[in-house]
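Reader: I'd like to learn how to read a model like this one. Could you walk me through it?

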Amino acid sequence: MRATVEQGGASRATSELRLPALPSELRLAREYAHRAAAAFGFDAERCHEVAFAVNEAATNAIRHGRPDEHGHIHLSAVSDGDRLTLTVRDYGTFVASAAGAAPSPEGGRGFALMAGLMDTVQLCVSPGSTTVRLSKARV
Amino acid sequence: MGFFYISDDASVEGWERSDDIAMLVAGGDIDYDASPQLRERLADQIHSGARRLVLDLSKVTFIDSTAIGVLVGAVMRLHEEGGGSLAVVCAEENRRVLRIFEIAGLDSMIAVHRTREEALLELTTAG
């Protein structure tokens, strides 16, 4: 695991975490998201919501995506003014069924849950990478 | 892995064990790493003949969509085996887990009770 923090100005702070693409690492993804949300000033409940949403995105990246050449997925947190944005990136090309609008009885709830807990959920797909952006604003 | 446990060493005052009813208690974080254990334990109970399952999740600190999928899968398995019920228990105090159930719409698929007694009563009176 490697984490770096760069300060990019008074209103903007960024941190990054490269995480081995293994189910056993999901706890670290949750802890990272929780810390970022707490540092942003969210209360305990909102920190949990952010951690839950990031866990879902990281789970999708590990289950359905591909890691980078070092076996990692990439997480980042950017606080910009009143908005905190967490991103989860893998290096596979997204296949639509992973976020299917009509979930199978046992799966497919991840995106709906992320949307229920965050203000915005964006899926950015390009050849060779898939990024989920999860944003929440200070009320 | 985060901390997770599941046990069938559970009881309710006045409840006598039977082959047909199984009670499981889980706690800690149920994520994609832990959900296979939950799936196995539920499948083991169904394989052993239990058709009415109570799963107490009151001590669960985190639950994700894969775990919810496991619960729905267990209900499907019971239907395939000729019928049965899964009743989930989550104490009123565990608002975080209850909120996830609410967003996932779990209540429309699986009965969620606040106590084991309430779940058992529902399962035994429903036949």
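Predicted model: local features only at pLDDT ≥ 70, side-chain atom pairs only at ≥ 80, totals over all residues.

Reader: Which pattern does chain B follow along the sequence?

Author: Chain B has 4 helices and 5 strands, and they come in the order β-β-α-β-α-β-α-β-α. Its radius of gyration is 13 Å, close to the 14 Å that the globule rule gives for 127 residues, so chain B is as compact as a globular protein of that length. Along the principal axes, the C-alpha atoms of chain B fill a box of roughly 35 × 30 × 30 Å. Of the chain B contacts between residues at least 6 apart in sequence, 74% join residues at least 24 apart.

Reader: Now for helix packing in chain A. At roughly what angle do the axes of α2(A) and α3(A) cross?

Author: Angles over 145 degrees count as roughly antiparallel. Here the axes of α2 (residues 44-64) and α3 (residues 110-117) of chain A come within 9 Å and cross at roughly 155°, which means α2(A) is roughly antiparallel to α3(A). Their crossing is left-handed.

Reader: And which residues make the contact?

Author: From α2(A) they include Phe52(A), Ala53(A) and Glu56(A), and from α3(A) they include Leu113(A) and Met114(A). By class, the contact of α2(A) with α3(A) has 6 nonpolar, 3 polar and 2 charged residues.

Key: Residues numbered from 1 in each chain as written. Chains lettered and ligands numbered in written order. Axes fitted to C-alpha atoms, helices over the stretch in contact; angles between N-to-C directions. Helix = DSSP H or I, 4+ residues; strand = E, 2+ residues; numbered from the N terminus. Parallel < 35°, antiparallel > 145°, perpendicular 65-115°, else oblique. Left-handed = near helix turned anticlockwise from the far one by under 90°. Contact = placed C-beta atoms within 7 Å. Nonpolar A, V, L, I, M, F, W, Y, C, P; charged D, E, K, R; others polar. Rg over C-alpha atoms; globule rule 2.2 N^0.38 Å.
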